[in-house]
Amino acid sequence: MSKVFVFDHPLIQHKLTYIRSVETGTKEFRELVDEVATLMAFEITRDMPLVETEVETPVTKTKSMILAGKKMGIVPILRAGIGMVDGILKLIPAAKVGHIGLYRDPQTLQPVEYYVKLPADVEERDFIVVDPMLATGGSAIEAINSLKKRGATSIKFMCLIAAPEGVELLQQAHPDVDVYIAALDEKLNDHGYIVPGLGDAGDRLFGTK
Ligand code: PRP
Ligand code: URA
């Protein structure tokens, strides 16, 4: 079974409170999502492999560590996942970015795929799939299906807010994909929205509706 990490870092929790607030406008919402994505990227990259190298300081030669240079891929689920990409790229600037377009049918709540564009060397990359919301879990499960179908074997999923129902389904569908969350909320409402949540992530990020 996959692992679930809920980030309790004070800076993440503080910023998330303002992301949730109905008083927060589009500009500030976007900035905060970007900042939280950077902080989460710092945590999610804890297990990146290192190799030893030699460096010459102004004083002496010494052994020191650098990243082993594993190839990374970031895959936002459109639309709202886009809001997390730049924040992650600040820490992992060499990562390639793929896109998976999915929307949730408002009646059935089932994900509908409309776009996929991934880096060519999918098999060689470690992917982080990002979306601010994990609600029923349908979109995340479908996006990861799509990635795996194209050859990806190493995938993590990162979101701001998750519902317990979505986490459970995602773990069942993809037991090899660890899940990284800023907050695990209470439940879904009758419309499939996370409670307390933050509302519609895409609309809040892009100022639609
Ligand atoms: C939202 C959100 C997730 C999805 C989560 O996207 O950004 O992708 O819902 O719900 P689920 O876990 O029940 O699948 P939405 O479908 O509203 O599309 P948008 O980002 O284009 O607005
Ligand atoms: N999608 C959102 O944007 N918000 C939710 O609460 C659930 C799905």
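Which residue stands opposite Thr53 in E3? Select Thr53 and look across: the residue facing it is Ser64.

**Before you start**

This is a predicted model, in which local features need pLDDT of at least 70 and side-chain atom pairs count only at pLDDT 80 or more, while totals for chains, interfaces and linings use all residues. Residues are numbered from 1 along each chain as its sequence is written, chains are lettered from A and ligands numbered from 1 in the order in which they are written, and side-chain values use heavy atoms, with hydrogens and water left out.

**Stop 1**

Select residues 50-56, which are strand E2, and residues 61-67, which are strand E3. Strands here are DSSP runs of E with at least two residues, helices are runs of H or I with at least four, and both are numbered from the N terminus. E2 and E3 run antiparallel and are joined by seven bridges; two strands pair if DSSP finds at least two bridges between them. Four residues separate E2 from E3 in this hairpin.

**Stop 2: strand E6 and its partners**

Move to E6, residues 99-104. Strand E4, residues 72-78, runs parallel to E6, with two bridges between them. Select Leu78 to find one end of a bridge; its partner in E6 is Gly101.

Tyr103 has Val112 as its bridge partner in E7. E6 and E7 form a hairpin with six residues between them. Stop at Leu109 in the loop between E6 and E7: its phi is near 65°, a positive value in a residue other than glycine.

**Stop 3: ligand 1**

Select ligand 1 and the residues around it, where a residue is near a molecule if one of its heavy atoms lies within 4 Å of it. There are 13 of them, and Arg104, Asp131, Ala135, Thr136 and Ser139 come nearest. By class, this shell has six nonpolar, four polar and three charged residues. In this scheme Ala, Val, Leu, Ile, Met, Phe, Trp, Tyr, Cys and Pro count as nonpolar, Asp, Glu, Lys and Arg as charged, and the others, Gly among them, as polar. E6, strand E9 (133-134) and helix H4 (138-149) each supply at least two residues of the shell.

Now show distances to the oxygen atoms of ligand 1. A polar contact is a pair of N or O atoms within 3.5 Å; within protein, one must be able to donate a hydrogen and the other to accept it, and residues adjacent in sequence count only if both atoms are side-chain atoms. An N or O atom in the side chain of Asp131 is 2.4 Å from a ligand 1 oxygen. For the side chain of Thr136, the distance from an N or O atom to an oxygen of ligand 1 is 2.5 Å. A polar side-chain atom of Arg104 lies 2.7 Å from an oxygen atom of ligand 1. Taken alone, ligand 1 exposes 500 Å², and the protein buries 90% of that; such areas come from the Shrake-Rupley method with a 1.4 Å probe, and for residues only the protein chains shown count as cover.

**Stop 4: ligand 2**

Around ligand 2, select Arg104, Met133, Ala135, Gly192, Tyr193, Ile194, Gly199, Asp200 and Ala201. This shell divides into five nonpolar, two polar and two charged residues.

Show the backbone here. A backbone N or O atom of Ile194 lies 2.8 Å from an oxygen atom of ligand 2, and a backbone N or O atom of Ala201 also lies 2.8 Å from an oxygen of this ligand. At Gly199, a backbone N or O atom lies 2.8 Å from a ligand 2 nitrogen. The protein covers 88% of the 240 Å² of accessible area that ligand 2 has on its own.

**Stop 5: backbone geometry**

Return to Leu78 and select the peptide bond to Arg79, which is cis, with omega near 0°. Arg79 is in the loop between E4 and helix H3 (82-89).

Then select Val195 and Pro196, which are joined by a cis peptide bond with omega about 0°. Pro196 is in the loop between strand E13 (194-195) and helix H6 (201-206).

Finish at Lys209, in the segment after H6. Lys209 is not a glycine, yet its phi is positive, near 75°.
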